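Subject: Structure handover

Hello,

I am passing a structure on to you.

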Amino acid sequence: MITYRSRFLARAEVWFNNEPDDTRSVDWILYHQRSHPVPGAQTKYFYTFLIDLTRSREQLLAQLNKDTAHKIRRARDRDKIICECCDPREREVRNRFELMYNAFAAMKGLSPLDRPRMESMVAAGVLDLSVAKDPQGNVLVYHANYRDPCRATAMESPSLYRKLSDSAARNLISRANRYLTWSDILRYKDHGLKSFDFGGWYHGNDPEMLKINDYKRGFGGQVVREYQCEQILTLKGWVVLHTAKLLKQARLFPFRPTAPAASSQTMLAHGQIPVPTE
C-alpha cells in the first residue's frame with residue numbers, strides 16, 4: 001500500500017490483489033486492477049492488455065507482430081538505442097523524469113506530475129523507471145511502471161514526440177518506445193515476474209486511442225477484465241470527494257444541472273468503465 005497526502009485528504013492505493021496495511025489514518029483508498037470487487041466499495045470494470053511472462057523468451061518473441069518486431073530490431077541494430085534502468089531512489093533521477101513528464105503533460109493538456117504520489121511509490125519500493133536514449137545520450141522516452149514481486153503495470157511513458165515536426169525524429173522516438181517496452185518485458189521476466197500489463201485497454205471509437213491499442217496488440221498478449229474500486233473511509237473523505245464530483249459536473253455541464261450521467265465511453269479512463277447494477 002502506498003499513502004500520500006493530497007490537498008485535503010490522506011490517500012492510499014492498493015494494487016492488484018494485495019491487501020491494505022493500517023488504514024486508520026487514511027481517508028480514501030483506491031484499489032487498482034483487482035481480480036474481484038472489494039466488498040462495500042464503489043467499483044468499475046477495468047480492461048487491460050496482459051502479457052504472460054511465464055512463457056519462454058522464444059514464445060514472447062514469436063507473439064510479436066511483424067511490424068513491432070521490425071521496429072524493435074531497427075531501434076536496437078540501426079538506431080543504436082540504449083535502454084537503461086534508472087534508480088528512482090536518486091533525487092536527480094526523479095527530477096529529470098519530472099522535467100520530461102511536465103513538458104509532455106503540458107503538450108497534452110494534462111496535470112503536472114503528482115510528486116507526493118511518486119515519492120510515496122519510491123518509499124514503498126514499487127516505482128520502476130527506465131529510459132531509452134540515442135547514441136549521444138539524449139533521452140528519448142521514459143517509462144514509469146508500478147512493480148511488485150509478481151506483476152508490473154505501465155503508468156507513464158513521457159517523451160517529446162508531440163513537440164517534434166520532423167517525421168524522422170518522431171519515428172525514431174516511436175521505435176525507441178517499442179524497444180524500451182520490449183526491454184522492460186524481458187527484464188521483468190528475468191526477475192521472475194509473472195505478468196506485465198499495459199495499464200489499460202480502450203473500448204471506444206477515438207482513432208488516437210485505437211492506435212494506442214494497436215501499439216499494445218503488437219506485443220501479443222490478451223485483453224483481460226479486472227476491477228477498479230474506490231473506498232471512502234471517513235466523513236471528511238466523503239465530503240471532499242462528493243464536493244469535487246459536484247464541482248466537476250458543474251464545469252462539464254454548466255447549463256445542464258440535471259444532465260444525465262456520463263456514458264461509458266466518457267467515463268472510460270485507461271480502461272475503466274462502470275460496473276452495471278446487478
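The notes below go through selected residues, grouped by topic.

This is a predicted model, in which local features need pLDDT of at least 70 and side-chain atom pairs count only at pLDDT 80 or more, while totals for chains, interfaces and linings use all residues. Residues are numbered from 1 along each chain as its sequence is written, and side-chain values use heavy atoms, with hydrogens and water left out.

Asp 197 sits in strand 9, residues 195–197; helices (H or I, at least four residues) and strands (E, at least two) are DSSP runs, numbered from the N terminus. The relative accessible area of Asp 197 is 0%, so the residue is buried. Here buried means under 20% relative accessible area, exposed over 50%, and partly exposed in between, with a 1.4 Å probe and protein chains only. The side chain of Asp 197 makes a polar contact with the side chain of Thr 48 at 3.1 Å, and also reaches the backbone nitrogen of Gly 199 at 2.7 Å. A polar contact is a pair of N or O atoms within 3.5 Å; within protein, one must be able to donate a hydrogen and the other to accept it, and residues adjacent in sequence count only if both atoms are side-chain atoms. Leaving aside neighbours within four places in sequence, Asp 197 is in contact with residues including Phe 16, Gln 33, Thr 48 and Arg 151, where contact means heavy atoms within 4.5 Å.

Asp 128 belongs to strand 6, residues 127–133. Asp 128 counts as buried because its relative accessibility is 9%. Its side chain makes a polar contact with that of Tyr 188 at 2.9 Å. Not counting residues up to four places away in sequence, Asp 128 touches His 143, Ala 144, Asn 145, Arg 147, Arg 187 and Tyr 188.

Positive phi

Gln 33, one of the contacts of Asp 197, lies in strand 3, residues 28–34. Its phi is positive, about 55°, although Gln 33 is not a glycine. With 4% relative accessibility, Gln 33 counts as buried. Lys 80 also has a positive phi, near 60°, and is a residue other than glycine. Lys 80 is found in the loop between helix 2 (66–77) and strand 5 (82–86).

Cysteines

How many disulfides does a search of the whole structure find? The search finds 0, a disulfide being a pair of cysteine sulfur atoms within 2.5 Å. Cys 150 is in no disulfide, and the nearest cysteine sulfur, that of Cys 85, is 19 Å away. Cys 150 is partly exposed, at 43% relative accessible area. For Cys 229 the closest cysteine sulfur is in Cys 150, and the 19 Å between the two sulfurs is too far for a bond. Cys 229 is buried, with a relative accessible area of 0%.

Surface

Trp 238 is located in helix 7, residues 235–252. Trp 238 counts as partly exposed because its relative accessibility is 44%. Ser 165 lies in the loop between strand 8 (151–156) and helix 5 (167–190). The relative accessible area of Ser 165 is 75%, so Ser 165 is exposed. The C-alpha atoms of Ser 165 and Arg 7 are separated by 38 Å, and the two residues are 158 residues apart along the chain.

Regards
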